[in-house]
Amino acid sequence: MSHRKGLSARTARWMHHLHARWSSLARPATGFVSQPEPRTIGSFARGRQLLAGNYLFAGHLIEAKGVRLWDIDAPDTMFEAETHGFVWLDDLAAVGDPQTRDLASDWLWSWIDRYGTGKGPGWTPDLTGRRIIRWIHHALFVLRGQDKDASEAFYRSLAHQTIFLNRRWHKATSGLPRFEALTGLIYAGLALEGMEKHVSPAVKALERECRTQVDDQGGIPTRNPEELLEVFTLLTWTAAALLETDHRVGREHAAAIERIAPTLRTLRHADGGLARFHGGGRGIEGRLDAALAASGVKDRHFDGLAMGYARLSAGRTSIIIDAAAPPGARASGNAHASTLAFELTSGRRPLVVNCGSGAVFGAEWRRAGRATPSHSTLSIEGYSSSRFGASTAKTDMLVDVPRNVPVQLSQASDGVRFEGGQDGYVKTHGLTHARTLELTFDGRGVVGEDLLVAIEPAARQKFDKAMTRSQLQGVPFQVRFHLHPEVDATIDMGGAAISLALKSGELWVFRHDAKMNMALEPSVYLEKGRLRPRATKQIVLSGRAMDYATRTRWSLAKAQDTPISIRDLNRDEPDLT
């Protein structure tokens, strides 16, 4: 199977290059008929770093001042993809001075000289679409001061890439890669002389993708919030470009934008960043607000489920919970075993987080970031709620995912309540994990409960076998709360509580019932754009499941408030066994 996959990938690359070379023989465009406004958001700081010769792509920093980007030996394929996608052009344009313009022009025309005939790793539909968008957005920036020959080479290369996209966009993987390819094709068709014939077929194809890839909840199959933002951004850019050139925005296209916007608002924390689940990060700063504003869609979901996530919010506090099974087999290559994990943000400060995606730090970090212990939830020691299949580190799928994830949102006596369960540990231990989170109406207190319970007779038999394997010592488990690196955590009150100080001056206090052991342990925060994982801490509650039902209670409250007492945490509850 892996051999056939390898042959298939090599065949696809060969076909891409073949079509790229055929495209170079076609009649070139000679100029723009219209040009969309630059909508990409670059980083001034990254632009200055590039000018200084500090090349940071895909987690690798290469210091090579005065060396062209294409003369650097790429450490891996992710590094290559980031460079050939030309997103760095946004960063250079954000600086916008003569030096960065000269650097951008030098790198762009040297790319044309070296790769413009269809050679090299940049000739895939998604990278070509991404590259075309940036070239068109920043054409005025790079063309200023160029002679006739350079301008002709620029337009000729854009035409070649457009023709290549027209022939190969359908080979892009469904989802974000295909949205990128089609957006680039539509952009080029609208902007370049002689290329408008490609617009109508590409618009129809985009309609089909909107219909098949964006579900009724405004979600996508990968359940990656940052990827959803990227799709949404591309759809808003394309809609604006069509309207500016007096073209109609299709019904499915407009409907997808209208469905996605409320979902993104649900997945946005109080500080404006996205929840970090299933390989996604917080999103490029400013990208979400800009995309929502461009969409013109003001609707929002009431707190509830969106793309399999539940949201609780009150006052200045937001909680976002992964309330569904991981994505299915087609989309699970980057899925995380994070069912029932949550993140909590207070005002502009993240407090409880997940470790995040370690993909940019290599295969080992990527796999570690996907495991349940890297998320703020309960895990049975040595196990994840979804297991990894036996495959390569880059393509491994999650198997034995939870089949049953019931969820309920309701009003509590003094706030809002989330209740959920997942059966990811039934197969191995006969245990179902149930979690309850309650957020007070003022957003200043959270009470949580985690329950491991063997429900059915067959599940109890599996639990009995697990007890036998442990020599009746119980099933060890942990409840983890990963903290943002800027949270200062201190154990106090003789080890009965942990104080969590935020940069804003807020002080939160974590407490738990007396049945569990509590510790403050090292953790990591995996973040795109960094050279290495950031050190941070995690609160870990450890215990052993000895019976058919094991309950753990904990709370988070602002220090100014009357603390939630341990008596409240241990209030009498009905027997669930």
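## Strand β13 and its partner β12

In β13 (residues 431-440), T436 is the bridge partner of E419. Strands β12 and β13 run antiparallel and are joined by 9 bridges. Strands here are DSSP runs of E with at least two residues, helices are runs of H or I with at least four, and both are numbered from the N terminus. Two strands count as paired if DSSP finds at least two bridges between them.

The model is predicted: local features need pLDDT of at least 70, side-chain atom pairs count only at pLDDT 80 or more, and totals for chains, interfaces and linings use all residues. Residues are numbered from 1 along each chain as its sequence is written, and side-chain values use heavy atoms, with hydrogens and water left out.

Strand β12 (residues 415-425) is largely enclosed by the rest of the structure, because 8 of its 11 residues are buried. Buried means under 20% relative accessible area, exposed over 50%, and partly exposed in between (1.4 Å probe, protein chains only).

β12 also pairs with β11 in the antiparallel sense, over 6 bridges. The two strands form a hairpin with 2 residues between them, and G415 in β12 is the bridge partner of A412.

## The eight-stranded sheet

These strands belong to an open sheet of 8 strands with antiparallel pairing, in the order β11-β12-β13-β14-β21-β18-β17-β16. Its edge strands, β11 (407-412) and β16 (488-492), each pair on one side only. From one strand to the next, the twist averages 20 degrees.

Within the sheet, β14 (residues 445-453) and β21 (residues 549-558) run antiparallel and are joined by 9 bridges. L452 stands opposite T550 in β21.

## Helix α2

In helix α2 (residues 44-51), G47, L50 and L51 are buried. They lie on the same side of α2, because they cover an arc of only 100 degrees around the axis; the arc is that of the directions from the helix axis to the C-beta atoms. The cover over the buried residues of α2 includes β1 (54-57), α4 (88-95) and α5 (98-115). Just after α2, G53 takes a positive phi of about 90 degrees.

## Helices α10 and α11

The axes of α10 (residues 199-213) and α11 (residues 225-244) come within 13 Å and cross at roughly 145 degrees. Axes are lines fitted to C-alpha atoms, for helices over the stretch in contact, and angles run from 0 to 180 degrees between N-to-C directions.

V199, V203, L206 and C210 in α10 meet L235, T238 and L242 in α11, where contact means heavy atoms within 4.5 Å.
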